[in-house]
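Me: I have just opened this one and would like to look around with you. Could we take the questions one at a time?

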Amino acid sequence: MLTVAQILHRAAERLAAAGIDTARLDARLLLGEVLSLEPRAVFSRPQWEPSAAERERFDALLQRRLAREPMSHLLGRRGFWTLELKVTADTLDPRPDTETVIEAVLDGLPERERPRRILDLGTGTGCILLALLAELGGATGLGIDKSPAALAVARANADSLGLAERAAFHLGDWGAGLEERFQVIVSNPPYIPDGDIDGLEPEVALFEPRLALAGGPDGLDCYRALAPQIARLLAPGGVAVLEVGMGQAGAVAGLLAAAGLTLGGVRRDLGGVERCVVASL
């Protein structure tokens, strides 16, 4: 029988040998999941001997992680902003960089309890819309996505967070067919150049949906479609915030300006990368 300490040590060695930088953390998270313990509580029981069934379940999860399946897929959840969200293979894994979009919107909105309508184009897990609704008590929102499976995840997240009454999710192609105007429009569209996807880390290239990654030959196809639609759907005095990839801020700003929007600046993420473009009407 192996103890918790032995299991963690062996698993971390195997994960590190597979080139996973977060080997020790991943091993602890997976074992905590199997044992129904908080990750830090795993360390409090180093001599505990998990059952054969628990070891079998852990080994199955470990094999999937060694194949570079994302931790969020193995655990079925991911932390984002102040929320814990359901994540599946049908959705883009919410990333800390995207929290820059939330910050940019909130910084430009006084009176957070004021009624507002928010539109999230390409909502995925619903992470951006739901984070904003959690902060803006008077707001309601609409999330659009072309993936029915992603919309099912977004609706489940809204339900679990108690935000279902203020969040609607519809199948659609960006803003096509919408007539309503919104005070806030946000989007994290696919922006990876098609030819670059296979060179990304395996967790992304092998396991995340191409629909949520591929931005065309230069990564800007979605912004070309979005710019005129945002100009049409944004209410006067409203704010639009779009996440962009590294080196894309200038080109995206140009597309928004050409559509008649007024640029409000570029926001950098914690790594110093220009991560989102702000515009208004």
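Me: Which residue takes a positive phi just after helix 11?

Reply: Happy to start there, and please keep in mind that this is a predicted model, in which local features need pLDDT of at least 70, side-chain atom pairs count only at pLDDT 80 or more, and totals for chains, interfaces and linings use all residues. Residues are numbered from 1 along each chain as its sequence is written, while side-chain values use heavy atoms, with hydrogens and water left out. Helices (H or I, at least four residues) and strands (E, at least two) are DSSP runs numbered from the N terminus. Just after helix 11, the residue with a positive phi, about 100°, is Gly 260.

Me: Which residues of helix 11 are buried?

Reply: Buried means under 20% relative accessible area, exposed means over 50%, and partly exposed lies in between (1.4 Å probe, protein chains only). In helix 11, the buried residues are Ala 249, Val 252, Ala 253 and Leu 256.

Me: Why do they line one face of the helix?

Reply: The arc is taken from the directions that run from the helix axis to the C-beta atoms. An α-helix has 3.6 residues a turn, so residues three or four places apart point the same way. Seen down the axis of helix 11, the buried residues line one face because they fall within an arc of 100°.

Me: Which exposed residues sit on the face of helix 11 turned away from its buried side?

Reply: Let us look at both sides. The buried residues of helix 11 pack against helix 10, strand 7, strand 8 and strand 9. The face turned away from them carries the exposed Gly 250 and Ala 258.

Me: At what angle do helix 10 and helix 11 pack?

Reply: Axes are lines fitted to C-alpha atoms, for helices over the stretch in contact, and angles run from 0 to 180 degrees between N-to-C directions. Tyr 223, Arg 224 and Ala 227 in helix 10 meet Val 252, Leu 255 and Leu 256 in helix 11, where contact means heavy atoms within 4.5 Å. The axes are 8 Å apart, and the angle is about 30°.

Me: Are helix 10 and helix 11 roughly parallel or roughly antiparallel?

Reply: Angles under 35 degrees count as roughly parallel, over 145 as roughly antiparallel, 65 to 115 as roughly perpendicular, and the rest as oblique. By that rule, helix 10 and helix 11 are roughly parallel.

Me: How many residues does the largest nonpolar core have?

Reply: A nonpolar core is a set of buried Ala, Val, Leu, Ile, Met, Phe, Trp, Tyr and Cys residues joined through side-chain atoms within 4.5 Å. Among those with the most contacts inside the largest one are Leu 119, Ile 185, Ile 230 and Val 252. Its residues number 33.

Me: Which element gives the largest share of this core?

Reply: Elements that give two or more residues to the core include strand 3 (116–121), strand 6 (182–187), strand 7 (234–243) and helix 11 (249–258). The largest share, seven residues, comes from helix 10.

Me: How far apart in space are Ala 240 and Phe 182?

Reply: Ala 240 lies in strand 7 and is buried, with a relative accessible area of 1%. Leaving aside neighbours within four places in sequence, Ala 240 is in contact with residues including Ile 185, Ile 230 and Val 277. Ala 240 and Phe 182 are 58 residues apart in sequence, while their C-alpha to C-alpha distance in space is 9.4 Å.

Me: Is Trp 174 buried or exposed?

Reply: Trp 174 lies in the loop between strand 5 (167–171) and strand 6. Although not a glycine, Trp 174 has a positive phi of about 55°. Its relative accessibility is 15%, so Trp 174 counts as buried.

Me: What is the relative accessibility of Trp 81?

Reply: Trp 81 is in the loop between strand 1 (77–80) and strand 2 (83–86). Trp 81 has a positive phi of about 55° too, although it is not a glycine. Trp 81 counts as partly exposed because its relative accessibility is 26%.

Me: Which residues does Asp 269 touch, not counting residues up to four places away in sequence?

Reply: Asp 269 has its place in the loop between strand 8 (262–268) and strand 9. Asp 269 counts as buried, at 8% relative accessibility. With those sequence neighbours not counted, Asp 269 touches Asp 97, Thr 100 and Arg 275.
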